[in-house]
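Let me put the model up and then walk you through a few spots in it.

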Amino acid sequence: MGKENLDWDKDIEHYLKLQGTECLGQLAFFGVQYSLVTFLTTQLRQGNAEAARNFSMWQGTCYIGPLAGAIVADSCLGRYRTILAFFSIYIIGMGTMALSGASPAVISRSTQPAVFSLGLYLMAIGAGCIKSCVGPFGADQFDGGDAMERPKKSSYFNWFYFAMYVGALVSGSAVVWLQDNFGWLLGFGVPALCTVLAMASFLLGSAMYRYHQPRGSPVVRACQVVVAAVRKRNVVLPHDGFVLYDGPAEEGRRMAHTDQFRFLDKAAVAVAVPSSAAAQPWRLCTVTQVEELKAIVRMLPVWATGIVYCMVLVQQPLFPVQGRAMRRRLGVAFAVPAASLNSVYAAAMLVLVPLYDAAVVPAARRLTGSERGLTELQRIGAGMALSVAAMAAAATVEGRRLAAAGEVSIAWQVPQYVLLGASAVLAHIGQLEFFYNQAPDSMRSLCSALGHMTCSLGSYLSSVVVTVVSHATARGGSPGWIADDIDDGHLDRFFWLVAGLSSINLVVFICCAKRYKYKDSIH
């Protein structure tokens, strides 16, 4: 590990550099996300259903990338060098997208879709692979075993998310306005410039960061446990876990033995001389290695419920589609861009993150006696409940809009954006913290990637749901619930369907949370 003790000024300085990196990087990311459906429908002439599917596929790629980034970081490069490598790809992708927004004199209409798609997916790979490294790398700067640093580490994920949505707020207002009024070359060019500034901000803190060396592939370590346990499936387990092979001390924490998933303990039963274990890692594993895999298995039910939750978040791009069909004019001269209401979502988060840290956590501490206030799982559950309310609000507004033939003010969308923002403050940040804190030391990038993968799989699940709903409801000449002209469809019924699926998912999550056992570790 690198520098162990940083004075307060340096601590704040490198902390701000990391937050600046996240803010600028996410400004670029949301500058694409908020306007992607609009670009696909207006520039590439795609229908609403096709654009929604393509958006989900792109976002799925963004959030499957963290798994690749995590494996590279934990296995060989470490988080710092992995961030630098994939930031370069991110910048190239954003530059290519900006080129696709140039005038027909620079890029032909026939070439534009291919250039745009190339840039879009290069950007997805770069941004995705960074996601599983930036958050854990920032958390690595705080020593959880230090009484002074532990409170700062506990708040870190809140402020990490705060920085993310400062960028989102700028994207949802200023960048969307640029795209609407000055075209896509500048509209994508400014986010591209922000990725360059983000990488520069990250590099400025290089001399002050704490570095953790990679400890070998976490995937290989997990596979070794499975293979060793299967090979010794006929071995009788000892009643006392203390006789299992614990091996030499490793960097980081030893993990205490637990009684869950006892079959995996067979991997740590020594049937040969323990000193030969280093040469036979596929036959004999340490207790810590076994407990690392158990920690992953314990998290999987909670992880699975996060997929359906993220499917709800992915519906946000349909809100601007709904907004464009509402009354958007304020006064005589100014029409509110439908996509600009995404800034309400970001603004809600910017207000709620410090409010949560300053008011909710102290109040919860007094009620629960816990240092954290709410546990990670309590926080996630509360956020999931608010996601149901957000989709119910969207469905109610859409029903009212259809009944009033579109003569409903776009201001009625504000509650659904606020509820979705509050949901993310609780559930999404809670997930980031859960997957970092419950991860074994050697698998923190991998577990953070699992958290981000819920967004990926949620996007793919949304794509499947949209496709099934479109085919099931578009029969006998009917345009279906998600019609190209939403006045001819029933987007309200689709929103109610998503709210129903989210309610079922909440019940499943509560059952999983009650059974979950938090990890324990010893030095």
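Let's start with R45, which sits in the loop between α2 (36-42) and α3. Helices here are DSSP runs of H or I with at least four residues, strands are runs of E with at least two, and both are numbered from the N terminus. Quick caveats: this is a predicted model, so local features need pLDDT of at least 70 and side-chain atom pairs count only at pLDDT 80 or more, while totals for chains, interfaces and linings use all residues. Residues are numbered from 1 along each chain as its sequence is written, and side-chain values use heavy atoms, with hydrogens and water left out.

Back to R45: its phi is near 60 degrees, a positive value in a residue other than glycine. Most residues other than glycine have a negative phi. R45 is also exposed, with a relative accessible area of 62%. For that wording, buried is under 20% relative accessible area, exposed is over 50%, and partly exposed is in between, with a 1.4 Å probe and protein chains only.

F261 is another one with a positive phi, about 50 degrees, and not a glycine. You'll find F261 in the loop between β1 (254-255) and α8 (287-313), and it is partly exposed at 35%.

Now the helix packing. How do α11 and α12 pack? Helix α11 (residues 376-403) and helix α12 (residues 414-437) meet at an angle of about 155 degrees, with axes 7 Å apart. The axes are lines fitted to C-alpha atoms, for helices over the stretch in contact, and angles run from 0 to 180 degrees between N-to-C directions. So α11 and α12 are roughly antiparallel; that label needs an angle over 145, with under 35 roughly parallel, 65 to 115 roughly perpendicular and the rest oblique. α11 passes α12 in a left-handed crossing, that is, the near helix is turned anticlockwise from the far one by less than a right angle, and clockwise would be right-handed.

One more thing on α11: just after it, A405 takes a positive phi of about 55 degrees.

Moving along, α12 and α13 have axes that come within 8 Å and cross at roughly 150 degrees. That pair is therefore roughly antiparallel too, but here α12 passes α13 in a right-handed crossing. Within α13 (residues 444-473) there's V465, buried at 13% relative accessible area. V465 and M311 are 154 residues apart in sequence, yet 9.3 Å apart in space, C-alpha to C-alpha.

Two other pairs like that. L67 counts as partly exposed, at 27%. F116, in α4 (residues 112-139), is buried at 1%, and its C-alpha is 6.9 Å from that of T96, 20 residues away along the chain.

Last stop, the cysteines. How many disulfides does a search of the whole structure find? It finds 0, taking a disulfide as a pair of cysteine sulfur atoms within 2.5 Å. Take C194: the closest cysteine sulfur is in C23, 8.3 Å away, so that's too far for a bond. C512 is in no disulfide either, and the nearest cysteine sulfur, that of C511, is 6.8 Å off. C194 is buried at 9%, and C512 is buried at 18%. That's my tour, so over to you.
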